[in-house]
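Subject: Structure handover, salt bridges

Hello,

I am passing a structure on to you, with a short account of what was found in it.

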Amino acid sequence: MRTDRQELIAHHGFPLDRFQIEAMDVLDAGESAVVAAPTGSGKTVVAEYGIAAALADGRRAFYTAPIKALSNQKYNDLVTLYGRDRVGLLTGDNAVNADASVVVMTTEVLRNMIYARSRALDDLACVVLDEVHFIQDTYRGPVWEEVIIHLPRHIQLVCLSATVSNANEVADWITTVRGPTRYVVEDKRPVELENLYMVGDKSTEREHLFATLVAGRPNPEAGRLEDQSRQVRGRGSVKGRPRRTLYTPARIDVVERLRDEGLLPVIYFIFSRNACDEAAASCLKQGLKLTTPDEKNRISGIIRERLGDLDDDDLDVLGYPQFVAQLEAGIASHHAGMVPPFKETVEACFVQGLVKVVFATETLAVGINMPARSVVIEKLSKFTGEHHEFLTAGEFTQLTGRAGRRGLDDRGHAVVLWNPFVGFDQVAGLASSRSFRLTSSFRPTYNMAVNLVRSYSSEEARHLLNLSFAQYQADREVVKIEARLDRRAEELRELREAAESPYGDIHEYRARLEGTVGARNEGSIEWRLSTLRPGDVIHVAKGKVVGRAVVLSSANRTGGVKLTVVTARRATLTLSARDFAEPPNVLGAVELPLPYAPGRAEFQRQVVERLKDTRLVESTWTSPGTSGFASHPVEDDPNLPERLKTAARADRVSREVEELRDRVRGKGNSVARKFEKVLRILDEWEYVDGWSLTEKGESLARTFHESDLLIAECLSRGYLDGLDPASTAALASVFVYEHRSSEPPPAPWFPSQEVRKKWRRIQSTSTELSAVEQSASLNPHRPPDPTYIAIAYAWAAGEGFAEVVEAEELSGGDFVRTMKQLIDLLRQIATISAVPETRRAAEAGAELLLRGVVAASSALPTVAP
């Protein structure tokens, strides 16, 4: 245990739980930790301890979160703890104090830093990965795996997760790929949860409110009630038995019953934005008032503070009068269709206990700290846009995790309403389920592929892919072999370095001791090539190319070692043992530039420049194949016996490395196969050339988007060139907007024939790419959508929020979210486009969009006093 632990945790002011202390012990032992515990149990205490320990040691710490709202909340928390000067924030909306000791960021920002080999990682000691169960998210999940795999191994991880049934598997995987990692699981909720079942019954005056489970089993009373209802429906009335007609209780009746039972405040989950708004409006219309005059005044003050800067016309179109009336009555809705300032106002009022009922979609269950005494789940199924899906055990646990406020409630309450399509046995099954298995959604993306090519050798890239959690779950033996291979390869590098003699070439000397060059593998040309490291200078003679060359990379192939070298005249060659008459001597070494990107032309140019200034030495000893037993310079080395032993150990480890590589090649690894398919497409579309990036590939490496390859290709073909800023913004919107309504979208509108023509070319390119992806059995990219062009153009051209939203029948939240995504894409285009005019137009377009309610929704979060 750290000697300063008590000092680091003194600010909490409450006794720590068992799992928190256990997790701190893991961190103090220098290991990483996976902490899986229910919502509200205090996982953040462990994260803050890891951060505090890093700061106490004079190092830095990062806190990553999956969503901006959670990042903003953690920024506020850490500023309160450490002060504004020591805490930074990096999201798509804000970049504040990026060099601070503690930086809060979205997980994507950290992934981008890793690929860019940012110097910000140099003194980093600890990274907190919050909501790590996002690893199973279809689109964003791979980012978590990229971070865990690529982050330098000396950096400690604190992975926070909801309760999952396979935390041990996650920890075992991280141990395999990074080093010692222990899991700490807390199953017990900080506040006991009581599951309840509410049923409307026309034969009674009040709704039934049953305990869902009795002694851990389905409540037989609720089961009997349901059976009676079924019998009546099947045969008509039964003699001597009162008629049972069940129904779903009305929303206002549910709220009033909970009020009477003392179970407010409540989060009432309804999986429809419109239904949330209708529920709040209906409760107000029916006269529901849940606040005192003092609470109403406090709510008014929060509204003025949070919304005072918004334009009156904008407030009107957002339904401000209704919003205020509901809040002052203690009622609110909360969903993604609301603009962030409205949602943040609801959150502030709810956290202070002023709002008593919030009708919310499931998005409220993720991220922000907003617990209630009770939660209500109206239905156990939700519409995905295509069909209805029953809630999983994990989703149910996430929703009910909001019930029960630590320090305020003795127990929390999760109420499920009767529904004719869901039997009580299903409700009880979910309530008693403890199964929430985390599964990987990892897949190689185009951007990931080019960044692997950019940063690693071919062998290293495939090795890293084989370390993914997806591969671990599919065939953990492959990952374990790869991890062992990684350790042995590192040991081999260290042994070879230790065996080198400053007096001469020890490998030639060892070959001489065997009687002839090539008599043993370690004295052969093949052996010599395997000892060469990036930066070594050798003499080459291949065809017309003769002279010095610098080794850029080496790779072991089935046909032997392959070297990639660059000559003094900037010619790039691939060499094998057949290209040498005898083992090549190392004439010197060039310090390679950073970041290591051997396939890049600029990297190679710098290497050649450094070669000119490198002092080289020629070997003075002639190969024993031609000079018998002439003395060798290494015989003057006083440490020669020890170096020979080390070289012999390197031989043994080298053979083990090759055996491990053969075992990996013999295994079927699905992730690597998908990677090869992605590489083939990138090669066909000229983003890679062999194992080097083309100019197009360099642009793709800096394109972080769901439609990365399509965007990069359209930029390369000039489809976004030659437009004014507003038109650039409008056309770029086709990559960010997705029409999700079951209703058909309106016919697209274009500001000019030029934009229409460019859209058709983008559409054609998308169709072409989809065909290629389908033929390769890869999931096709999301096609572009022109629906938002008119909206983006109108906003960029200066039209008011009210006019744009009312004309297009948009929700304020959807408008703001899409605009923020579009601004982010335009800022990327402003850095990656090869055309200066397009870069300027994209930057200007982003500035045109960042105004009014969009700017207000992107503002730096305020720290509560």
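This is a predicted model: local features need pLDDT of at least 70, side-chain atom pairs count only at pLDDT 80 or more; totals for chains, interfaces and linings use all residues.

Residues are numbered from 1 along each chain as its sequence is written, and side-chain values use heavy atoms, with hydrogens and water left out.

The search of the whole structure gave 42 salt bridges (a side-chain nitrogen of Lys or Arg within 4 Å of a carboxyl oxygen of Asp or Glu). Among them are the following.

D57 and R2 form one, at 3.0 Å from N to O. D57 sits in the loop between helix 3 (43–56) and strand 2 (60–65), and R2 in the segment before helix 1 (5–9), 55 residues apart. Helices (H or I, at least four residues) and strands (E, at least two) are DSSP runs, numbered from the N terminus. R2 is buried at 18% relative accessibility, whereas D57 is partly exposed at 49%. Buried means under 20% relative accessible area, exposed over 50%, and partly exposed in between (1.4 Å probe, protein chains only).

E676 and R462 form another, with their closest N and O atoms 2.6 Å apart. E676 belongs to helix 26 (residues 670–684) and R462 to helix 18 (residues 458–465), so this pair ties together parts 214 residues apart in sequence. E676 is partly exposed at 26%, and R462 is partly exposed at 24%.

Finally, a network of salt bridges links R488, E491, R649 and E656.

Regards
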